[in-house]
Amino acid sequence: MPLFRRRALSATVALGLGLSLVSTGQAPALAGQAGSPPIAADAPWTTTVKWLVDHLTVDEKLLLVRGGTDPDPHGEAGYIPGIARLGVPAVRHADAQGVNVYKDATAYPTRLGLAASFDRGAFSVFGRSVGTEGRALGVDLIYGPQVDLARLPTWSRNMTGLGEDPYLASQMLDKEINGIQSTGLLSQVKHFTMYNGQNQGTPSIVDEQTAHELYLRPSETAVKDGRVSSVMCSYATFQITPLESKPDYACSNSGALNTVLKGQWNFKGWVTSDYTASKATSDLLAGMDQEFITANLSPANLKPLVDPASATYDKTYASALDTSVARILYQYQRFGLLDDSTYPRPAKTHVKPIRKAPSKVDKGAGIATSRELAEEAAVLLKNDNVLPLSGKGDVALIGPTADLLPSSPGGERSRGFGDRNGISPYDAVRAKIGSRAVLTPGLDRVGTTVPATALTTPDGAPGLTRTEKNSSGTVIGTKVDATVNGDQTDLARGNTYTWDGYVDVATADTYNLWLQRPIGTSSGSPSAYNKGINPGLAQGPGTGETGTLSLSVDGGTRTLAQPSTILPNTYPNGPTVNGQYLGLTNAGAKLQLDPGKHRITFTYTAAANTAANPTLRFAWSPVQAGIKAAATAAAKAPTAVVFVDDANTTTTAGDVGSLGADQDDLVRAVAAANPNTVVVLNTGGPVKMPWLNSVKGVLEMWYPGQEGGTATADLLFGTANPGGRLPVTFPNSTTPFTGHPERSVGQDGKITWSEGLQSGYRWYTTQNVAPLYPFGYGLSYTTFAYAGLRTTAARDGGLDVRLTVRNTGHRTGTAVPQVYLGPSPDLPSSIQQVERKLVGFDRFTLSPGGARTVTLHIAARDLSSWSTAKQNWVRGTGNRTVQAGSSSTDLPLTTTVQIP
């Protein structure tokens, strides 16, 4: 039988795909209103809301504060039933980033990558794009943006946050929220609050100044500037001192929810629990308005407290329920979701009904936007005259992500379109230089189908014995398969298949053994949303997984794990159902195998509701032999490019992350074979680079979205010029948590955030510790000079900073000037200060020799610090240093300004 064929686009086809991106000519998002809709002065208790609350029954009120079951699942995360008789619609909540439902939506670069753009306009475009697609997909509310700062360098959720700096995060999320809500889609900010990678069950102790200046600021911006509809309370347990007398869970934390969010910030929206984050019915009194999964606000628990006919009726709970319902209904009114056609004249909403949603996702617009965002997000970390590539000689393309694009991994974001995820960096480079693009993965996640010559049945015949059982466990047949190559046509849904025999290993090596099967389930209802198909990585009934797998080698059960960075619809040769490419799950085990025969047994139970016909492929890839082959290929080419990621890695809180298994060894081997080696990183945050001095170039692409393959090729060959800057510090071995376990894993039953304001680059600059790469850093294929720093007082009490940037190189490139502010000499010692903090930035493109003079405004708030004693912001007066340049450590311009 033929071996499984890796996806291999011809140069002609790949080139056509690349050209199609340029020729779309479509705007990246539909134009909507200018931003988030305005908030009424009497919100949430408008005349409309008062009338509705008065006319809702207790049971109807309870429907609005707890997640329900969608009669037509869209694959959304949550569903709130409507009350048809009062014109209150059902509302679907979806996960982001992008839109995560059963139908395909554009996969964009993860938010940390977008933050690297330092481009406010990009976030406006991104927000409008997500909002427009969400409306087209039948979604009403999106769980995003995520506003948790990157306190711990290797928290897995950093990739969907906005980096380590509160000013940068606030500037970006404001634009994203206004972009999303301009389309009529509601935005819900997550997670409120102190949800920053620490153990959520251990109380975190955070001083009040640090809380206000760092971790609360993004949420405050979302409320005051973004006018966000709602906020999600987190899983964290924390205490803000001295504001709160004890630690509490976020959804039970009245100090954060009632005192700060709804009190100090005057928030008029509602608070939703993260899923299972509600801990008690009393969370309603603490400021949580709506829950999912848990039953604390269920009729069984809450109705006895809010029903006037109940013997346990409690006016406090009844009033709290009415207020929560009012907050929810007001946002429905504000966004035009209510049908007021039956309301009396005084109760009319006086809001235009939400405009009709697009009939479908504009795929072309998403392609164009995702590609542009991926290019803007890229950060060039090192370039010793090796980039851009000339395109004249062979290029050895190596590494596990050379031919499998890690577009947007994880379960809470859009999976993208399969035909777009399938365009790998190799495909895109091949479209540029044809057969001079030479692929040798080295670490192969597709693998080679184990050939018939290496398989023997228990009886000694070629192949493996397949035993079939029906759903009752009765053996209904056996046969011998020469190979298990994924092209079966005789596997039945719901049945269990076991392959048994021996695999004959010719050479000792560490092997990855892969078992690949189709993903996707079907409800059996073609009239349902997406014709009843759940393609996987979406919410709703089931997760799209298609049965179970197990593997035993030499009598030992092996743990199977999928490469965590690769989405199922990225793998080639999977099924397409109803025009939607579903893809494959790829579960593997890594083990040392010596020469000789090894007993192997693997079992696949195909789910009864599998969307596509069940198939299974058994493949392998030797690690050491693969690395050797990659080094050999590298030695034959003028340039080698190694694509690596951080798949399946775990790191102790506070430590620095690493690449996935064997990838550092791969880079070392290639660099030893070819002095002109470039490394392309696809990571969710900072990683160690023990090979850094041995390579000539490093390009951080993050998880670049479905158009990342094309964007990467454009950047490598200079069609696009890298302009991103690091939104997080890339540490050496020393971090703010080194020698301070109380800050990371905790001591004495608590995690004390004793670093205070010295988080991220603020710690490195204040402590004079050199990182591997600093916050704000990024190279270009051109160079820039900074001059003419001047400051003037602004009318709003802030400061205007003027400087000139000139392109001193020979290529058009993007400059990102940054302004940092030093401490005030006049603030008391009880108020923390840091050596420097970001207070302004811009992004613009300059032609060779071109210059631009810009004025960056420092708001009065950014000249101030939070005073716990005064419970207010106090101005930092006196002589303060203002510095400007290209990163937090490269600041050639300095001046001193007197702040009155």
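In which order do the six strands of the open sheet with mixed pairing lie? The order is 10-30-29-28-11-12. The legends below take this sheet and other close-ups of a predicted model.

**View 1. Six strands form an open, mixed sheet.** Strand 10 (379–383) and strand 12 (437–440) are the edge strands. Each of these two pairs on one side only. Ignoring direction, neighbouring strands are turned by 20° against each other on average. Inside the sheet, strand 11 (residues 395–398) runs parallel to strand 28 (residues 639–645), and four bridges pair them. Ala396 faces Ala640 of strand 28.

**View 2. The loop between strand 10 and strand 11 holds Asn385.** Asn385 has a phi near 60°. That value is positive, and the residue is not a glycine.

View 3. In general, strands of a sheet pair through backbone hydrogen bonds, either parallel or antiparallel.

**View 4. Strand 41 (residues 878–885) pairs with strand 42.** The pairing is antiparallel and covers seven bridges. Arg880 has Val897 of strand 42 as its bridge partner.

**View 5. Helix 6 (residues 166–181) packs with helix 8 (residues 217–224).** Their axes lie 9 Å apart. The packing angle is about 30°. Angles under 35 degrees count as roughly parallel, and the two helices are therefore roughly parallel to each other. The crossing of helix 6 past helix 8 is right-handed.

**View 6. The largest pocket has a volume of about 760 Å³.** Its lining comprises 39 residues. Nearest the centre of this pocket lie Ser156, Met159, Ser564, Asp646 and Tyr703. By class, the lining holds 16 nonpolar, 19 polar and four charged residues.

**View 7. The second largest pocket has a volume of about 400 Å³.** It is lined by 20 residues. Closest to its centre are Arg445, Asn512, Trp514, Asn648 and Ala661. Nine residues of this lining are nonpolar, seven are polar and four are charged.

**View 8. A cis peptide bond links Ala43 to Pro44.** Omega is about 0° here. Pro44 sits in the loop between helix 1 (11–22) and helix 2 (47–55).

**View 9. The peptide bond from Phe192 to Thr193 is also cis.** Its omega is near 0°. Thr193 belongs to the loop between strand 4 (186–192) and strand 5 (204–207).

Technical notes. Residues are numbered from 1 along each chain as its sequence is written. This is a predicted model: local features need pLDDT of at least 70, side-chain atom pairs count only at pLDDT 80 or more; totals for chains, interfaces and linings use all residues. Side-chain values use heavy atoms; hydrogens and water are left out. On a 1 Å grid over the protein atoms alone, a cavity is a set of points where a 1.4 Å probe fits but cannot get out, and a pocket is an open set with protein on both sides within 12 Å along at least five of seven lines; lining residues have an atom within 4 Å of a point. Grid points are joined across faces, edges and corners, and a volume is the space filled by probe spheres set on the points. Ala, Val, Leu, Ile, Met, Phe, Trp, Tyr, Cys and Pro count as nonpolar, Asp, Glu, Lys and Arg as charged, and the others, Gly among them, as polar. Two strands pair if DSSP finds at least two bridges between them. Axes are lines fitted to C-alpha atoms, for helices over the stretch in contact, and angles run from 0 to 180 degrees between N-to-C directions. Angles under 35 degrees count as roughly parallel, over 145 as roughly antiparallel, 65 to 115 as roughly perpendicular and the rest as oblique. A crossing is left-handed if the near helix is turned anticlockwise from the far one by less than a right angle, and right-handed if clockwise.
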